[in-house]
Amino acid sequence: MSLVAASREPDCPYEVAIVISDKADAAGLEWAATEGLSTLHIPWDRKVKTQYHQVLDLKLRAAGVETIALAGYMRLLSDAFVAAWRGRILNIHPSLLPKYKGLDTHARAIDAGDAAGGCSVHVVTEELDGGEVLGQAEVPILPGDTPETLAERVLAEEHRLYPRILSEFVKR
């Protein structure tokens with residue numbers, strides 16, 4: 001939603017061409033449709049992962065997509081898909097990379113006794129959460145924080161950080 005809102009600002013250098021999800025009931029798909037955006041559901045099936053990524057690639061190209069902004073996408077992209085879109089896929093990750101790649105980032109930061117968690121926007125590569133970090137936002141870990149309370153504050157920062165970094169990225 002924050003990427004779409006930013007795209008509607010007069011000086012924004014990007015527009016949202018299509019919103020795609022592998023989940024038919026994704027709230028983002030319904031919201032995007034009500035906002036007049038093109039939407040598409042491509043069902044996920046791990047047995048046909050290669051075909052899924054081929055269809056995804058075709059649909060993105062048909063929509064005129066030049067840069068992919070992943071948001072809430074919790075699957076690994078195939079190496080072939082990443083190679084085809086090399087340097088043009090961004091992701092938002094809920095940790096201060098390179099710390100805590102993968103899942104359960106907030107619990108891991110709290111359990112480690114970190115003073116802060118946060119989020120990172122990075123370029124997607126074949127390595128899980130391993131691409132160039134383009135921007136980060138730090139969020140203090142407060143006494144009594146749970147993974148859920150920290151996640152809520154980190155999400156607010158994600159909504160501020162991602163549109164700014166995506167704008168900077170497409171300008172270059």
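Biologist: How many positive and negative side chains does the protein have?
Modeller: In this predicted model, 18 side chains are positive and 25 are negative. The centres of the two sets lie 5 Å apart.

Biologist: OK, and what about helices and strands, how many?
Modeller: The protein has 6 helices and 6 strands. Along the sequence, the pattern reads α-β-α-β-α-β-α-β-α-β-β-α.

Biologist: Which residues point which way from β5?
Modeller: Ala116, Gly118, Ser120 and His122 point one way. Gly117, Cys119, Val121 and Val123 point the other way, and all of these are buried. In a regular strand, side chains alternate between the two faces of the sheet.

Biologist: Which strands does β5 pair with, and in what sense?
Modeller: Strand β4, residues 89-93, pairs with β5 in the antiparallel sense over 4 bridges. Strand β6, residues 133-140, also runs antiparallel to β5, and 7 bridges join them.

Biologist: Which residue in β5 is the bridge partner of Leu90?
Modeller: That is Val123. On the β6 side, Cys119 stands opposite Ala137.

Biologist: Changing topic: what is the radius of gyration?
Modeller: The protein has 16 Å. That agrees with a compact globule, because one of 172 residues would have a value near 16 Å. The C-alpha atoms fill a box of roughly 50 × 40 × 35 Å along the principal axes.

Biologist: And how much of the protein is buried?
Modeller: Buried residues make up 40% of the 172. The accessible surface is about 9700 Å², and 53% of that belongs to carbon and sulfur atoms.

Technical notes: Residues are numbered from 1 along each chain as its sequence is written. This is a predicted model: local features need pLDDT of at least 70, side-chain atom pairs count only at pLDDT 80 or more; totals for chains, interfaces and linings use all residues. Side-chain values use heavy atoms; hydrogens and water are left out. Buried means under 20% relative accessible area, exposed over 50%, partly exposed in between (1.4 Å probe, protein chains only). Helices (H or I, at least four residues) and strands (E, at least two) are DSSP runs, numbered from the N terminus. Two strands pair if DSSP finds at least two bridges between them. The radius of gyration is taken over C-alpha atoms; the globule rule is 2.2 Å times the number of residues to the power 0.38. Accessible areas come from the Shrake-Rupley method with a 1.4 Å probe; for residues, only the protein chains shown count as cover. Lys and Arg count as positive and Asp and Glu as negative; His and the chain ends are not counted. The place of a charge is taken as NZ of Lys, CZ of Arg, CG of Asp or CD of Glu.
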